[in-house]
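Colleague: Hi! Could you walk me through this one? I'm new to it.

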Amino acid sequence: MATTSIASNTELSRAIAASIRPSSNKPLATQQPIGRCTFNRFSDRFPLLSVRATSNSSMSKENSSKSGDGAGGGLTYKDAGVDIDAGSELVRRIAKMAPGIGGFGGLFPLGDSYLVAGTDGVGTKLKLAFETGIHETIGIDLVAMSVNDIVTSGAKPLFFLDYYATSRLDVDLAEKVIKGIVDGCQQSDCTLLGGETAEMPGFYAEGEYDLSGFAVGIVKKESVIDGKNIVAGDVLIGLPSSGVHSNGFSLVRRVLAQSGLSLNDQLPGGSVTLGEALMAPTSIYVKQVLDLISKGGVKGIAHITGGGFTDNIPRVFPKGLGAFIYKDSWEVPTLFKWIQEAGRIEDAEMSRTFNMGIGMVLVMTEEASRRILEEGQHKAYRIGEVVHGEGVSYH
């Protein structure tokens, strides 16, 4: 059981209350907080369709690539301590106990709609937050990882809950983190409904903390985006990322240590420091994706997190279909080029670990893709197409 400090939690609650600016249609006045927790259970834990990401919780979110021992001198995700195959095996075992596991979000029936839920953390990006002192945006990352997952079903996020754990509660530091969470909720037009602050002496290193987030959204049953109607010839539209987002940081940190550079050094070929480039907050795609869905023609959506294109895009395809990616259809950001060069990482490893500059992929009809690109309302790229076969190929 977490040991809590009533005085510290009361002060933190005041700080959070002062920072939250709820949207007019989601007033926080209806909540009944206890400390910083809001109890509002909407159902028993018995989902019709459930979700289990292929990341190992003990590995802080980050899926790895299938890798060897780094033969040839190039670093791999497995060398950095993250094994996607172990994560996949765990998911396979869990699926035997809870059929339906494997999507980006879990669906629970509610009348003519589905509640869609997702949970995530920000992984070892937290280590860089501790080292750089940049805490104001890590909360945006936390919100992004969950709301970006549930919007792949076409769900509009309703509310978000957070879990903040530390050995000794530093109210000023926690306030910075929570303000980032509030910012992320505003960007995704959802309410920060509540959270838990756990103070556990001796559990974390001094000045460090851990975060988890939980998002719930809603979508009409007839409007669910599930990929079932995807066919060969459909188009893959990519939305640009802001950087590494919140995956792959175990490998990033290994590369950084090997490079001899520090977080205060300028990114080679860039205009910012490595710390600033790596700490860029994860893009929140909610409003953009919901707008694209409203225009019609969207059949499937993949959030490009750990596992990159290679493991995430096929998750939305019916059996027998794969993806053909046009390698030169977008400009790979300088940061990824530096990571690959400094770590001497193989192309296949990069594509199965990082988003490579594309954070969300939408599968849509040819007509819809042409309309989206011609309108130019959203920055997007035609990055590939659906083909017969399985897996992802790059040409």
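Predicted model: local features only at pLDDT ≥ 70, side-chain atom pairs only at ≥ 80, totals over all residues.

**A chat about the model**

Colleague: Which residue in E6 is the bridge partner of phenylalanine 159?

Modeller: That is threonine 191, which sits in E6.

Colleague: And what is the order of strands in the open sheet?

Modeller: The sheet has five strands in the order E3-E4-E7-E5-E6, and their pairing is mixed. At its edges are strand E3 (106-110) and strand E6 (191-199), each pairing on one side only. On average, neighbouring strands of the sheet are turned by 20 degrees against each other, ignoring direction.

Colleague: Is cysteine 185 buried or exposed?

Modeller: Cysteine 185 counts as buried because its relative accessibility is 2%. Cysteine 190 is buried as well, at 7% relative accessibility.

Colleague: On to the inside, then. Which residues touch the most other members of the largest nonpolar core?

Modeller: Phe317 and Ile339 do, in a core of 93 residues. The element that gives the most to this core is helix H5 (residues 171-187), with eight residues.

Colleague: What is isoleucine 339 in contact with, leaving aside neighbours within four places in sequence?

Modeller: Isoleucine 339 is in contact with Val244, Val252, Val255, Ile345, Met350 and Phe354.

Colleague: Now the backbone. Where is arginine 344 placed?

Modeller: Arginine 344 is in the loop between helix H10 (334-343) and helix H11 (347-351). Although arginine 344 is not a glycine, it has a positive phi of about 50 degrees.

Colleague: Buried or exposed, that arginine 344?

Modeller: Arginine 344 counts as exposed because its relative accessibility is 52%, and the cut-off for exposed is over 50%.

Colleague: What about methionine 356, what is its phi?

Modeller: Methionine 356 has a positive phi too, of about 55 degrees, and is not a glycine. You'll find methionine 356 in the loop between H11 and strand E11 (358-364). With 12% relative accessibility, methionine 356 counts as buried.

Colleague: Which backbone nitrogen does the side chain of histidine 245 reach at 3.1 Å?

Modeller: That of serine 242. A polar atom of the histidine 245 side chain also lies 3.3 Å from the backbone nitrogen of serine 283.

Colleague: And what does histidine 245 touch, not counting residues up to four places away in sequence?

Modeller: Histidine 245 touches Lys125, Asp141, Thr282, Ser283, Tyr285, Asn355 and Gly359.

Colleague: Great, thanks for the tour!

Terms used. Residues numbered from 1 in each chain as written. Heavy atoms only, no water. Pairing = 2+ DSSP bridges. Helix = DSSP H or I, 4+ residues; strand = E, 2+ residues; numbered from the N terminus. Axes fitted to C-alpha atoms, helices over the stretch in contact; angles between N-to-C directions. Buried < 20%, exposed > 50% of the residue type's maximum accessible area, 1.4 Å probe, protein only. Core = buried A, V, L, I, M, F, W, Y, C linked by side-chain atoms within 4.5 Å. Contact = heavy atoms within 4.5 Å. Polar contact = N/O pair within 3.5 Å; in protein donor to acceptor, adjacent residues only side chain to side chain.
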